[in-house]
Amino acid sequence: MPLIRISMRRGRPASHPAAIVDGVYRALRTTFEVPENDLFAVVHQHEAEEFIFDNNYFGFNRSAALVIIQLTVANTRGGTQKKALYAAIAENLQKEPGLKPDDIFINLVEVKREDWSFGGGIAQYVA
């Protein structure tokens, strides 16, 4: 049920968006036990003047390759699972497409199970 939103600057190799989605999805599957085929992702690519960030906030050394990943998920996981997710995403994205850890920014948005409708105007998780 996660909704993956990925934002980055325009101009990356064509293979990067798919590799990033795949790395995030694999991390969700292993750490959040997301079922197979539960994949909904949107990739936003922005011009440099539309993608604004502080290069050194929290002591990191971010570059123009920064990727912002926002995950909307049900509020059913604890801190241990969240830390495992962040680490797995970073590990996956370092391998493919070769992002450096300082260029991986993750934001988790938690919502109630009744806040989802997967189609048909129905709240599938509401009994």
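Where does Ile 4 lie?

Guide: Ile 4 lies in strand 1. Before we go on, a word on what you're looking at. This is a predicted model, in which local features need pLDDT of at least 70 and side-chain atom pairs count only at pLDDT 80 or more, while totals for chains, interfaces and linings use all residues. Residues are numbered from 1 along each chain as its sequence is written, and side-chain values use heavy atoms, with hydrogens and water left out.

Back to Ile 4. What does Ile 4 touch? Leaving out residues up to four places away in sequence, Ile 4 touches Val 24, Tyr 25, Leu 28, Leu 39, Phe 40, Ala 41, Val 42, Gln 70 and Leu 71; a contact here means heavy atoms within 4.5 Å. Take Gln 70 from that list: Ile 4 and Gln 70 are 66 residues apart in sequence, yet their C-alpha atoms are 6.1 Å apart in space.

Now zoom out. The protein chain has two helices and four strands, arranged β-α-β-β-α-β from the N terminus on. Helices (H or I, at least four residues) and strands (E, at least two) are DSSP runs, numbered from the N terminus.

Next comes the largest nonpolar core, with 23 residues, where Val 24, Ile 69, Leu 71 and Ile 89 touch the most other members. Strand 1 (3–9), helix 1 (15–31), strand 3 (67–74), helix 2 (79–95) and strand 4 (104–111) each supply at least two residues of this core, and helix 1 gives the most, with six. Such a core is a set of buried Ala, Val, Leu, Ile, Met, Phe, Trp, Tyr and Cys residues joined through side-chain atoms within 4.5 Å.

Two of those names, Val 24 and Leu 71, are also touched by Ile 4. Ile 69 has its own list of neighbours, including Ile 6, Val 24, Ile 89 and Leu 93, again not counting residues up to four places away in sequence.

As for the whole, 36% of the 127 residues count as buried, and the C-alpha trace spans about 45 × 30 × 25 Å along its principal axes.

Note on methods: Buried means under 20% relative accessible area, exposed over 50%, partly exposed in between (1.4 Å probe, protein chains only).
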